[in-house]
Amino acid sequence: MYDAGKILFGLLVLAGLTTLPVWYNVARGKAGPQPQLTVGTTEKQCVLPTAEMRAGHMALLDEWRTRVVRHGEHATRTSGGREVRMSLTNTCLGCHAQKDQFCDRCHDYAAVKLTCFECHVVPKRSK
Amino acid sequence: MIDKALTGSRRYWALVAGLGTLVVVGFVVYLRQLNEGLAITGLSRDVTWGFYISQFTFLVGVAASAVMVVLPYYLHDYKAFGKVTVLGEFLAVAAVLMCMLFIVVDMGQPMRVLNMFRYPTPNSVMFWDASVLMGYLLLNITISWTALGAERRGEHPPRWVKPLIYLSIPWAFSIHTVTAFLYNGLSGRPFWLTAILAPRFLASAFASGPALLILLCLLLRRTTRFDAGREAIQKLAQIMTYGMVASVFFVLLELFTVFYSQIPEHMHHFQYMFVGLEGHRFLVPFMWTSNALAVLALVLLLNPRARRREGVLAVAAVAVFVSLWIEKGLGLVVTGFIPSPLEHVTEYRPTVPELLIGLGVYALGFLVLTVLYKVAVTVRERLAA
Amino acid sequence: MDGNRRGFLKAAGFTVLAVGTGTVSVLRSARARPDAPTPSSQPAGANALVGKRWGLLVDTTRCKAREGCQDCRRACHRAHNVPDLPEPRHEIKWIWTERFRNTFPDAEHEFMAPAILDRPVAVLCNHCENPPCVRVCPTKATWKRPDGIVMMDWHRCIGCRFCAVGCPYGARSFNWRDPRPFLKEQNPDFPTRYRGVVEKCTFCDERLARGLLPACVVSCKQKALTFGDLADDRSEIRRLLASVRALRRKPALGTMPKVFYVV
């Protein structure tokens, strides 16, 4: 390889730059701020335990979507035994009424673009 | 080998810069299309495919026509094609690339293009078309690059490319056949519902592709020290002549079936194309230009003495190319939609943004072609020196 | 997570099924039904309307479209967030009217009364038994359900418009631009669409799941629309089809529409 030294140096600089936020937090000695979420409901239990929802809500929504759209199933049972309609707008946003303080905050924080609501309606609520 | 494309004359860099500018312009307009949707094109509820898909269809033909140099050279050991074969293969690479880009710019949700392979659907011809085009691209890149590399070192191509070369021959026929199947299996579109569509596609491809290759060879001879050779160019001219004769013959067969049978829903489309329908005649002047050029080309090409003069041959090649570009790249797709299945006549004309995006795709294809030809020409010039 | 395992098993099962049916479908070509879901253990909803072969009968003699009635179209488009686009070439239509001569080009002749030739006829997706749109779709974004409904998955559609080209009835609309600015109100019970996907009538699958008849049927004061299970010989639609002479659009194409017309 020609100019091996220069190339390796360049790659190292690139790796350093892309991981800069990590080094910044390490140097500061504490993690970055966490997003503050408004759950928006007094209901005790979501359709799955909170930890599972936090980690796997996207997989659950994906499964719901497949079942509703492709298999024509519209109702499901929660882990608590309740029967709910598999509907993002009606069931999920029915409890988490303030999408901007729930979905959006975390997704903005994680910089994960949310495309659900380009089609699914966010109901207007007077609050 | 690609480093050969990094040094060149002023003219070479000017060409690269010019094409590059068009690519950038096209890309910027495409960003607008991504943002606003396909509403910026002239397409409509009734005419759902237009300029983009037409160019795709035409260019699949150009890509497939590489077989017209590959087959004589490798299968029949026709030595005169020794120099043009790699040019034909590089042209196929650039053409397939443009085909794919035209498909992508036509899609409403280009980000989801991989859904075609995530959910492979063998009953859809489009799935097969995407697959065979991808395969054809890989075959041609591998074959041409390996062969040129071996030539540069003064060696024979390695043995393992031989089977790939043989495979590429039927594969070339398959890409254009499958492209015809996109159209001629649709019960609701009488204009395309004809078994001769695939042969017609192949015939016009074997005329328009060699026409472009002849023009490129003549251009290379004027601008570089690379000469494809008189015999090769004359053989291409012969192939182009046969292709054009077959293409015109197939169109006449089509016209006979449609107008002798007098089935209105089959006739309406041809009427729209050649005389207009219910006062709509956007395509009429184009189609008659195409017809006139086809006649001119045949008159010139069928006369061997005229064909042998390269000035005349160049005119004939331009006539063939433009005639078939109008027929396939303008008329064939759009006319299938006019009139619509509900017998409405909605006309289509491409918009400026649509044409700029199309131009950008063509520019990108010709940029790739320029770079590939630069490599080929430099390798050959070094060998000659 | 249980959901994951379930999802995985399902995906694995469907892959096997899809590959299997896919291979067979090439051989049989025509009536392919890839992605056919296994009968599900989950109810569609406790009071869902369940049918084996849904169909619709349109009685054009009762229809008041001539007098300007737009009830079915309005009800449908409101229920499904179908926008009103100003430019006709970008129009999105699930149910609309066409003149008799355009709807049944094979059935007209020059001596017919103009009142019949120009009579508006309600047209919509025919939910063909042998749907060309399903045959051409490269991603299975549209498919035929076991109950005969030709369904769409807007999450999966890549916007190639092959289905719109393949449909012999002009039943499919493409979102040339973002539809939301052209919706006067948004019905939260149904999603809107995003630019770049194709859409059409789905026989109100979402209403059937809740035990409701399609919105167009319910909205028609003239009772010109009859919806029912064609597989059930005691259904209202079967009784009517046995007693009247009903037409289908372009029967010669072999698509076997499930929308019938009394003219």
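Contact means that heavy atoms lie within 4.5 Å of each other. Keep that in mind as you look through these close-ups of a predicted model.

Here is how to read the views. Residues are numbered from 1 along each chain as its sequence is written, while chains are lettered from A and ligands numbered from 1 in the order in which they are written. In this predicted model, local features need pLDDT of at least 70, side-chain atom pairs count only at pLDDT 80 or more, and totals for chains, interfaces and linings use all residues; side-chain values use heavy atoms, with hydrogens and water left out.

**View 1. His266(B) and the residues it touches.** His266(B) is found in helix H10 (residues 264-274) of chain B. Helices (H or I, at least four residues) and strands (E, at least two) are DSSP runs, numbered from the N terminus. Leaving aside residues up to four places away in sequence, His266(B) touches Pro190(B) and Val258(B). Gly88(B) is 178 residues from His266(B) in sequence, and their C-alpha atoms are 37 Å apart in space.

**View 2. Two helices of chain B pack against each other.** Helix H9 (residues 230-261) and helix H13 (residues 310-335) of chain B meet at an angle of about 35°, with their axes 11 Å apart. Axes are lines fitted to C-alpha atoms, for helices over the stretch in contact, and angles run from 0 to 180 degrees between N-to-C directions. Residues making the contact include Ile233(B), Ala237(B) and Met240(B) of H9(B), and Leu313(B), Ala317(B) and Val320(B) of H13(B). Sorted by class, the contact has 9 nonpolar, 3 polar and 3 charged residues. Here Ala, Val, Leu, Ile, Met, Phe, Trp, Tyr, Cys and Pro count as nonpolar, Asp, Glu, Lys and Arg as charged, and the others, Gly among them, as polar.

**View 3. An open sheet in chain C.** Three strands line up in the order S8-S1-S9 (chain C), with mixed pairing. Strands S8 (225-229) and S9 (259-262) of chain C stand at the edges with a single partner strand each, so one side of each has no neighbour in the sheet. Two strands pair if DSSP finds at least two bridges between them. From one strand to the next, the twist averages 20°. Helix H9 (residues 236-243) of chain C packs on the sheet, touching S1, S8 and S9 of chain C, and its direction makes about 115° with that of S8(C).

**View 4. Strand S8(C) beside its partner.** Strand S1 (residues 54-59) of chain C is joined to S8(C) by 5 bridges, and the two run antiparallel. Val58(C) stands opposite Leu225(C), and Leu57(C) stands opposite Thr226(C). Leu225(C), Phe227(C) and Asp229(C) point one way from S8(C), whereas Thr226(C) and Gly228(C) point the other way. Of the 5 residues of S8(C), 5 are buried, so the strand is largely enclosed by the rest of the structure. Buried means under 20% relative accessible area, exposed over 50%, and partly exposed in between (1.4 Å probe, protein chains only).

**View 5. Val123(C) and its surroundings.** Val123(C) sits in strand S3 (residues 120-124) of chain C. Its relative accessibility is 0%, so Val123(C) counts as buried. Among the residues that Val123(C) touches, not counting those up to four places away in sequence, are Trp94(C), Trp96(C), Arg249(C) and Tyr261(C). Thr226(C) is 103 residues from Val123(C) along the chain, and their C-alpha atoms are separated by 14 Å.
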